[in-house]
Amino acid sequence: MAKFFAYLLLIPLATAAWSQEDAPDGDANEVLVLADVPDTVMSALDSTMTAEAHPQDSPAQRGFLIITSDGKSSLRLRGSIRLNGGYDFNGLLGKTTFSTVDIPAGANDTGETSFFMQAGQTRFGLDIVQATRAGEGFIRLELDFLGEGNTARLRHAYGHLGPLLAGQTWSTFSDVGSLPLTVDLDGPNSSVAERTIQARFTFEGSSGMQYALGIESPNVEKTEPDSLQLRPAFQSFPDVVASMRHRAEWGHLKVAGVLRSITVRN
């Protein structure tokens, strides 16, 4: 099985700047725009504004940065046009990503070649930071275009204030910080990288320890024999997820568990 992937990053979000003196005097909503470097494929190694940073997430400190004159609020716009494609010498046909479970074997291996190219990994997102009496609030919204028919797909839509987080982002069970940077979106075969709807509480302990407890609502998937006629699967209560993460100079170690109920009725 041989496969060649090509990845091209085109037209990153432009940047601009003007000085605070250019804004109208006395306007409470005046803003200051700071020039920043454009979005790239590489993610920042350390992100203070995201719960966990995946190598394929847009870097947290890139793009347009707009700051209010009092410095209490900011808006960051991030985005890039991303083009990738692949040529398969023998095996998968018409696949936009590389999934080993779809490799044809035996009689299904026709030995045909295939080519694809797509721009669905194009990204657009915004971050909002607001100073409040309870601390610094943060909101992130990020889209790509890998939905059905190249429609917009929601990647991240969450906010957090202090230790509380709510919305859609990486599951508390995942350890996306340990994943390598890859061209395709599949990543390592054994990795767990799911974005779920959730509410999470995170506590920073001593000696590099971090504890998290959350409730999540994942998408339920099931496979059933043709002889059964089952109703759609559902959950009678949310996933309860807990994790413990230790960070040190040599890296980090994370342990997580999930309590889940999946129900189907015949």
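The model is predicted, and local features are given at pLDDT of at least 70, side-chain atom pairs at pLDDT 80 or more, while totals for chains, interfaces and linings use all residues. Residues are numbered from 1 along each chain as its sequence is written, and side-chain values use heavy atoms, with hydrogens and water left out.

**Overall make-up**

The protein chain has 0 helices and 13 strands, where helices (H or I, at least four residues) and strands (E, at least two) are DSSP runs numbered from the N terminus. Its pattern along the sequence is accordingly β-β-β-β-β-β-β-β-β-β-β-β-β. Of the 266 residues in the protein chain, 30% are buried; buried means under 20% relative accessible area, exposed over 50%, and partly exposed in between, with a 1.4 Å probe and protein chains only. Among contacts between residues at least 6 apart in sequence, 59% join residues at least 24 apart, a contact being heavy atoms within 4.5 Å. The protein chain exposes about 15,600 Å², of which carbon and sulfur atoms supply 58%; accessible areas come from the Shrake-Rupley method with a 1.4 Å probe, and for residues only the protein chains shown count as cover.

**Strand pairing**

Two strands pair if DSSP finds at least two bridges between them. Strands β4 and β5 pair in the antiparallel sense over 5 bridges, and N84, which lies in strand β4 (residues 73-88), has Q118 as its bridge partner in β5. The side chains of N84 and Q118 also make a polar contact at 2.7 Å, a term for a pair of N or O atoms within 3.5 Å in which, within protein, one must be able to donate a hydrogen and the other to accept it, residues adjacent in sequence counting only if both atoms are side-chain atoms. N84 counts as buried because its relative accessibility is 2%. Q118 belongs, with S114 and F116, to the covered face of strand β5 (residues 114-118), whereas F115 and M117 form the uncovered one.

Further along, strand β8 (residues 153-161) and strand β9 (residues 164-170) run antiparallel and are joined by 5 bridges, with L161 standing opposite L164 in β9. The hairpin of β8 and β9 has 2 residues between the strands, and there G162 takes a positive phi near 65°. Strand β9 is also joined to strand β10 (residues 195-204) by 7 bridges, again antiparallel, and Q168 stands opposite I197 in β10.

**Salt bridges**

Side chains of opposite charge can pair when their charged atoms come close. The structure holds 9 salt bridges, each defined as a side-chain nitrogen of Lys or Arg within 4 Å of a carboxyl oxygen of Asp or Glu. The table lists some of them.

| Salt bridge | N to O distance |
|---|---|
| D127 and R78 | 3.0 Å |
| E142 and R155 | 2.7 Å |
| D144 and R155 | 3.9 Å |

D127 and R78 meet in a salt bridge that links distant parts of the chain, D127 in strand β6 (residues 123-132) and R78 in strand β4, 49 residues apart; both D127 and R78 are buried. E142 forms a salt bridge with R155, and this pair joins strand β7 to strand β8 across 13 residues, with E142 and R155 both buried. D144 forms a salt bridge with R155, the two being 11 residues apart, in strand β7 and strand β8, and D144 is buried as well as R155. Through shared partners, salt bridges join R78, R123, D127, R140, E142, D144, R153 and R155 into one network.

**Surface and loops**

On the surface, L164, F201, F203, Y211, M244, W250, L253 and V255 form a nonpolar patch with about 840 Å² of accessible area together. Patches are made of residues with over 30% relative accessible area and no salt bridge, like charges being joined within 9 Å and nonpolar side chains (Val, Leu, Ile, Met, Phe, Trp, Tyr) within 5 Å. Strands β10 and β13 (251-259) each supply at least two residues of this nonpolar patch. L253 is found in strand β13 and counts as exposed because its relative accessibility is 53%.

In the loop between β7 (135-144) and β8, N150 has a positive phi of about 60° although it is not a glycine, and N150 counts as exposed at 58% relative accessibility. S174, in the loop between β9 and β10, is buried, with a relative accessible area of 0%. Not counting residues up to four places away in sequence, S174 touches E52, V192, A193, E194 and K254.
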